[in-house]
Structure formats: structure tokens, C-alpha cells
Amino acid sequence: MQPEEKKSKKKSSIPNARTGMSLEEIELDLAETLLYVLGKPPAMATLNDCYLSVAYTVRNRLMKVWLKSVEKFFVQKKKAVCYFSAEFLIGPQLARNLHNLGMYDTMKQAVAAYGLNLDGIIEHEQEPGLGNGGLGRLAACYVESMATLGVSAIGFGIRYEHGIFHQKFHDGWQIEITDNWLQHGYPWEIPRPERVYDVKLGGCTHSHVDANGAFRVEWTPERVVRGMAYDIPIVGYGAKTACMLRLWKAEAPESFDFSDFNTGDYYGAVECKVASENITKVLYPNDELLQGKQLRLEQQIFFVSCSLQNLIEMHLLKENTLDNFHETFAGQLNDTHPAIAVAELMRLLVDEHDMDWEKAWHITSHTFSYTNHTLLPEALEKWSLPLFARVLPRHLEIIYEINHRFLKQVSENFPGTSLEPLSLIEEVGEKYVRMANLACVGSHAINGVAQLHTELLKASTLRHFYDLFPGKFSNVTNGVTPRRFLLMCNPRLSSVITDRIGNGWIKQFDELRGLEAFIDDPDFLNAWRKVKRDNKQEQMDYVFQKTGVRLNADSLFDVQVKRIHEYKRQHLNLLHILTLYSRIKKNPGIDIPARTFVFGGKAAPGYYMAKLIIKLINSVAAVVNRDPDVAGRLNVIFIRNFNVKIGQRVYPIADLSEQISTAGMEASGTGNMKFSMNGALTIGTLDGANVEIRQEVGPENFFLFGLTVEEVAALKASGYVPYQYAQANAELREVIDLIDSGVFSNGRRDLYRPLVDALLFQDKYMLLADYQSYIECQETVSRVWQNPDQWTRMSILNVARMGKFSSDRAIREYCRDIWGIDLAD
């Protein structure tokens with residue numbers, strides 16, 4: 001990179017190098033950033049230096065939009081959304097910001113003038129380790145959509161130093177490696193050393209009556225952790241509004257004990273610093289041990305308390321009273337991780353701002369709304385009472401008081417109602433604090449994330465609350481941002497779409513319906529197919545580099561990338577692969593369309609069965625890919641360390657999207673939407689958002705199999721015996737015996753025995769019950785695949801009918817039905 005000549009020619013004639021959008025102004029900013037911000041002479045600039053120069057140049061333009069948005073919030077009497085989430089899986093930011101600011105093409109020319117390739121710089125960017133799965137990605141999509149729609153919003157979370165782990169494989173097993181995403185600097189964040197708040201932990205409380213006769217409580221903590229803010233601006237498409245992601249880093253109030261150091265206790269001198277900073281070291285520490293559970297609870301109160309203290313301070317800059325706090329901010333709890341916010345806001349109002357209980361409760365319960373993301377009872381967060389009391393003694397007292405008043409209200413208003421399932425404290429056996437119940441009681445609105453999910457919440461998971469307070473419940477089906485997951489990650493398809501219907505679809509996703517007019521146009525069908533094949537061809541070198549497997553671009557790409565969990569049933573997919581493999585081994589001449597099976601996803605470090613499934617996938621891949629009888633008809637690959645960046649490579653190449661969770665287990669899913677809007681057809685059960693995707697695209701354009709929610713419940717109630725299914729189905733029995741035989745474990749028959757036994761004698765997620773239906777559905781997939789025009793029409797219709805699944809639609813519904821925000825303002 002050689003900036004000096006450019007600078008000398010243009011310095012006198014360019015007044016706006018920091019925010020101007022012309023090619024000359026951007027070129028100059030790139031050069032000056034390298035010299036004066038990074039302090040690097042051009043001859044010594046590394047690829048990372050070039051990336052940072054581009055990123056800071058883009059950030060300069062972004063800051064202008066963001067500061068205007070901040071000024072607008074403080075000037076206008078307009079409610080802002082505060083989105084509380086333990087995860088924000090925001091993905092790489094450079095390309096997204098370039099597209100949303102409308103400066104991608106200009107920047108491409110600018111870096112080319114210095115002999116650089118913009119795509120190579122974009123590829124160099126590290127992904128922030130701020131999330132794991134759908135929960136965090138949904139939060140990121142929603143913040144981007146709020147910015148695009150002009151909603152004032154702040155996303156509050158944690159600045160994880162190491163985030164989720166980096167996944168590697170050793171002998172097919174998942175190995176967790178530290179994710180050092182901050183190692184080379186993160187140009188999008190803005191440190192706020194002046195924006196710090198103290199968070200109390202442990203200790204004891206003391207009550208007294210103040211001079212006015214009011215009951216007061218003082219909390220003397222065992223220790224205090226300080227939170228410092230780091231801000232990441234999130235610009236909307238069209239660059240009219242930018243929202244703020246405010247993440248908190250934990251620090252010690254005093255990072256160094258000089259007296260300990262002087263007496264030779266060098267480790268003791270920094271002990272407080274290390275203990276405090278541990279809170280924001282890692283996303284979701286392994287909570288099998290008590291220490292891990294305590295750290296997760298400390299993480300939750302830490303970011304919630306910092307955020308609420310910050311919001312109170314912001315509110316008092318605009319108003320002289322906290323009485324209307326709930327009219328300034330709408331607080332959205334993204335699942336139960338931030339549910340402690342209910343008790344914390346009460347503590348701040350009552351203890352720190354001397355507000356009476358009734359007024360504080362009115363403000364709190366009108367501030368928060370709660371999104372539930374799970375139907376699994378074990379995933380509804382709860383904390384053992386002794387642990388909670390030790391870490392948050394004052395909050396436990398507040399929760400007891402909330403519970404007492406709430407149950408008294410229920411008893412008076414709904415005589416005869418069973419109180420036990422409504423209580424915030426689980427009293428049966430070991431006592432627990434129920435965070436989902438706290439969120440339900442302390443929120444004015446509760447929503448599910450898909451129509452089926454919401455109905456199941458009402459009927460089962462949260463039935464006792466729905467029976468008493470039906471008006472609190474509503475559905476907002478999840479959505480994803482089309483800017484990242486179509487426009488940005490699939491430029492070829494975006495171009496084909498825009499050529500036919502214009503670019504209005506980028507912000508009005510329903511306009512994709514216009515594609516239906518071209519499903520019988522041979523030229524359009526050919527262009528559509530060419531996009532898919534070209535996308536596959538482009539990624540084949542990347543896949544070979546990562547896996548060592550050469551792929552067939554003309555094969556059906558059958559893809560399942562998501563968190564590894566038994567209910568998501570990656571092992572059902574494996575049973576199909578092994579069924580095809582067994583058929584080929586028995587009859588090498590059999591006519592089976594070529595397929596490439598692509599897996600990706602991480603298993604929680606302490607989840608042995610999920611890690612065993614990963615090991616089996618890799619073992620099957622090692623055998624199948626080398627078998628001369630298969631000879632390219634079947635390929636199996638597992639792309640390690642799946643994240644947003646890799647997802648953007650995978651979604652455009654998929655022909656078939658595997659959405660095969662047991663009916664009634666998945667809340668919504670968003671991967672299903674990303675695949676469909678990139679032209680993949682779905683094979684799936686009637687679970688989560690699959691139901692609505694099938695409704696939208698048409699049953700004839702969706703490959704449906706498996707038991708329904710009602711059939712799953714009935715089969716379990718009648719006494720499901722999975723072993724009988726294996727005995728009654730010769731092909732299924734052969735496949736299970738193949739896994740158990742040692743073929744995929746170098747003769748070790750005990751290696752996969754836990755997985756085989758779980759299927760034969762427990763099968764909690766009904767794989768064997770759904771096996772035959774799944775195999776028959778996959779045969780239908782193969783038949784349709786062999787008719788290219790039929791497959792392509794179905795693919796076009798899937799994309800054309802995805803309008804409902806934009807996150808913009810979801811945010812409009814939240815604004816209208818939950819937050820009370822008028823987008824017309």
C-alpha cells in the first residue's frame with residue numbers, strides 16, 4: 001500500500017477526508033489512517049494493517065450516522081428499545097457496513113488503487129466471538145433491522161474476551177481451542193472508560209426504618225466488580241439510522257494491590273483483577289461444576305446491572321424523574337438469561353432511588369417484555385437457592401417479596417388455582433429460583449417465536465401463566481435479515497433477482513413475490529441453475545482446503561449446519577447416509593443420484609453424546625469418502641468451526657436444507673429461513689417455523705416427513721419401545737448393526753455403544769419412529785432432483801415466498817404489538 005503520493009496530490013483539494021463518500025476522499029482517508037492511526041509506513045503494512053485501515057475508514061462514515069441517531073434520541077420524546085441478550089452473534093462487520101452505507105463499489109476501487117483486493121481484505125476479518133447459535137444470531141438480525149427501520153435501539157450484552165471456543169478435530173473428536181478474536185484488534189468497537197458501573201456480589205443485607213418511616217435495606221457486598229462499556233455502532237441499510245450495541249467488560253475497581261506487591265505477594269497483588277475479569281472471559285462456561293454455574297449467574301447479573309444503571313443515568317439526562325422510565329425504554333428480555341433484570345431494576349429503584357414498592361413494580365412490569373426460546377423444560381433456567389443466596393442475597397429477598405405479592409394476588413383473584421407451578425421458587429425437592437417464572441411475572445408481554453411454538457407454550461410449557469393472563473401472550477415469528485443472508489452472501493442470486501424485479505426487495509422483502517411470474521421462463525430457469533452451480537464451484541477449493549475432499553458440483557448438496565444436539569437429530573441424517581451406503585455396498589450398480597452431505601456445528605464442551613455424534617459423522621466420512629464402491633456418488637464432509645462467516649459460504653450452495661428436529665422440540669429455527677431464501681428446498685418435520693415456511697411456500701414445495709406433535713405425545717403416552725421399530729425394519733436394523741460393528745471405529749465395538757443403546761432403548765427424540773418416513777421422503781427428494789426444471793421451479797418459489805421471514809417484518813410486529821412504538825413517527 002503506497003499512500004504518500006496520493007496524499008500529496010490531493011490534500012489541498014479534499015476538505016472531507018474523514019466522512020466524504022467520493023473515491024478521492026476515501027483514498028485519502030485510507031492513506032492517512034495507515035500513517036496516523038496505525039503508525040505504519042506503507043512498506044511495512046501487513047494484511048491486517050490494510051484491513052484495519054479499510055475498517056477505520058468505513059467507521060468514520062458510520063460514526064456520522066450514529067452520532068446523528070444519538071442526538072435524535074436525546075432531542076425527541078421517543079421510546080427506545082433496549083434488547084437484553086447474553087449473545088449477539090453479529091458476524092463480520094466490514095462487508096455488511098460497506099453494503100449498508102452504499103460504499104462497497106467505491107471502496108473496491110479505492111483499495112485497488114493501492115494494489116489491494118477488497119474481497120481478500122474482507123475474508124481476513126475475524127468474526128467476533130459474541131454468540132453461539134440461533135439466539136445470538138437472531139439478536140444481531142433484530143438490531144440491524146431496527147436500524148434499517150429507524151427504531152432507536154440499544155443492544156446490551158457482554159464483551160466476551162474469548163467468546164465461544166474455536167472448534168478443531170483430533171481423530172474425529174471435537175477439541176475446544178481458545179478463540180482469540182480480539183488478538184489483532186477490533187476496529188468496530190469504541191471503548192468508553194468514562195462509562196463504568198459497579199456491580200455488587202455476595203455479602204449480606206441489613207434492614208432499617210429511615211427517618212420517614214420507610215422500610216429500607218442496605219446491601220454490604222463481599223466483592224464489587226466494575227463494568228466498562230464498549231460500543232459497536234450497527235448501521236441500517238441506506239445509512240439513515242445506526243443503533244448501538246453496548247457490551248460490558250468486567251474489571252476490578254482496583255486492579256493492583258500495591259501493598260501486597262511490596263510485601264512480595266505478587267500473585268495476591270493481581271488476584272482481585274483476575275477474579276473480576278473472569279466474568280467476561282468466556283461465553284457460556286461449562287456449568288457441569290458449581291463454579292461454572294456461579295460464573296454464569298455472575299455474568300447475567302453483571303451485564304444486566306451495568307445496563308440498567310446506564311439506562312437510569314440516560315433517562316435522568318432527559319427527564320427529572322424516574323416515574324416515566326417505562327415510557328422512555330422498552331426492555332426486551334431475549335430468553336431467561338437476562339431475566340434477573342426484573343429483580344435488579346426493582347433493587348435499583350427501591351434501594352438506590354428510594355422509590356416505594358408499588359410505584360417501582362408498576363415501572364418494572366411495564367418496562368420489560370419476555371421472549372421465550374425453548375420448549376424443553378430442562379432449558380428453562382433455574383438456580384439452586386443456596387447458590388443464588390450466596391451470590392445475590394438482596395435479589396433473593398426481592399424475589400421472595402415479588403413471589404409473595406404475586407401468589408397472594410392469584411389466590412385472591414383466582415381462588416382454587418394451584419400456586420406451585422406459578423411460584424418463582426421451586427419447592428419440591430431441592431429448592432430453585434425459576435427464572436422463566438420471574439420473567440413471566442415481571443413482564444407486560446410474553447411471546448413465542450413461531451406459531452406452533454407459541455401454541456405449545458400456551459398449552460404446556462407456560463400453560464399456568466397463560467390460563468390466568470392470556471392477554472400477555474402473543475406470537476412473533478422469527479426472521480432474519482435479507483441484507484446479510486441474501487444480498488451480501490449470495491451476490492449472484494441477488495443480481496439475477498434484481499435484474500428481473502428491481503432492488504426494492506432489499507427493504508421490502510415481500511416484493512420477491514414478483515419472481516413467480518418467471519417460473520416458466522426457460523432463460524430464467526437456466527440463469528437460476530447457473531447461479532447455484534457457480535456458487536458450488538466457487539466454494540469447492542475452500543472445502544478441499546478445509547476437509548481434503550474433492551466435491552462434485554453436479555451432486556445434490558444436502559446440508560445440515562446447526563448446533564449439535566440430540567433433538568436436532570444429526571444422527572437421523574447419518575442413518576439415511578448409512579442406508580444409502582449399505583444399498584451401494586450390496587448392489588454397486590444401483591442408481592442413486594450423487595449427493596454431497598455437509599455438516600457443521602459445535603457441541604457444548606460438556607455434552608458427551610453430542611460430541612460422540614460429531615465423532616461418528618467424521619468416522620463415517622472417513623470410510624465413505626474412501627470407498628471405491630461409492631466412487632463420488634456419496635461424499636460426507638464436516639466443516640469445522642461453523643460460524644456466521646462460514647454460513648455465508650454454505651447457505652448459497654445448499655440444494656436441500658435438513659430441518660429434521662423432533663416435532664415439538666424446536667422453538668423456531670432461523671437456519672431454515674436462510675437456506676430457503678437462498679433457494680434450497682427443505683426436508684423437515686412440522687416443527688418450529690417449518691410449519692409456517694411450508695404454509696408460505698406451499699406444501700408441494702416442501703418435503704414433509706415424520707410424526708406430528710400430537711403423534712409424538714400419543715406414542716410416548718402409549719409406551720414407545722424403539723427396539724421394536726429396529727426389529728421390525730430390516731434396513732434400519734442393518735444400519736444400526738453397522739454402527740455397532742466397529743466398521744467406523746477401527747474395530748472398537750464399544751465406542752459408539754452409548755449412542756446405539758440410547759437409540760434402541762430410550763430414543764428420547766423418536767429417531768427410529770421417524771426413520772422409515774424420512775427414508776421414503778428422501779427417495780422423493782431424489783426423484784424430484786432428477787427433474788431439473790421441476791426442482792428449479794420449486795427453488796424459485798421458495799425464494800419468492802420468503803417475504804414473511806425477514807427480520808424487518810418481525811421488528812414491525814414487536815413495535816406494534818409489544819413495544820408501543822409507532823414507526824410512522
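Guide: Let us begin with Cys 306, which is buried, its relative accessible area being 0%. Buried means under 20% relative accessible area, exposed over 50%, and partly exposed in between (1.4 Å probe, protein chains only). Cys 440 is likewise buried, at 1%.

Guide: This is a predicted model, in which local features need pLDDT of at least 70 and side-chain atom pairs count only at pLDDT 80 or more, while totals for chains, interfaces and linings use all residues. Residues are numbered from 1 along each chain as its sequence is written, and side-chain values use heavy atoms, with hydrogens and water left out.

Visitor: How many disulfides does a search of the whole structure find?

Guide: A disulfide is a pair of cysteine sulfur atoms within 2.5 Å. The search finds zero. For Cys 306, the nearest cysteine sulfur belongs to Cys 82, 14 Å away.

Visitor: What is the order of strands in the open sheet?

Guide: Strands (E, at least two residues) and helices (H or I, at least four) are DSSP runs, numbered from the N terminus. Two strands pair if DSSP finds at least two bridges between them. Here six strands run β19-β18-β17-β20-β21-β22, with parallel pairing. The edge strands, β19 (634–639) and β22 (703–704), each pair on one side only.

Visitor: In which sense do β21 and β22 pair?

Guide: Strand β21 (residues 681–684) pairs with β22 in the parallel sense, over two bridges. Ile 683 stands opposite Phe 703 in β22.
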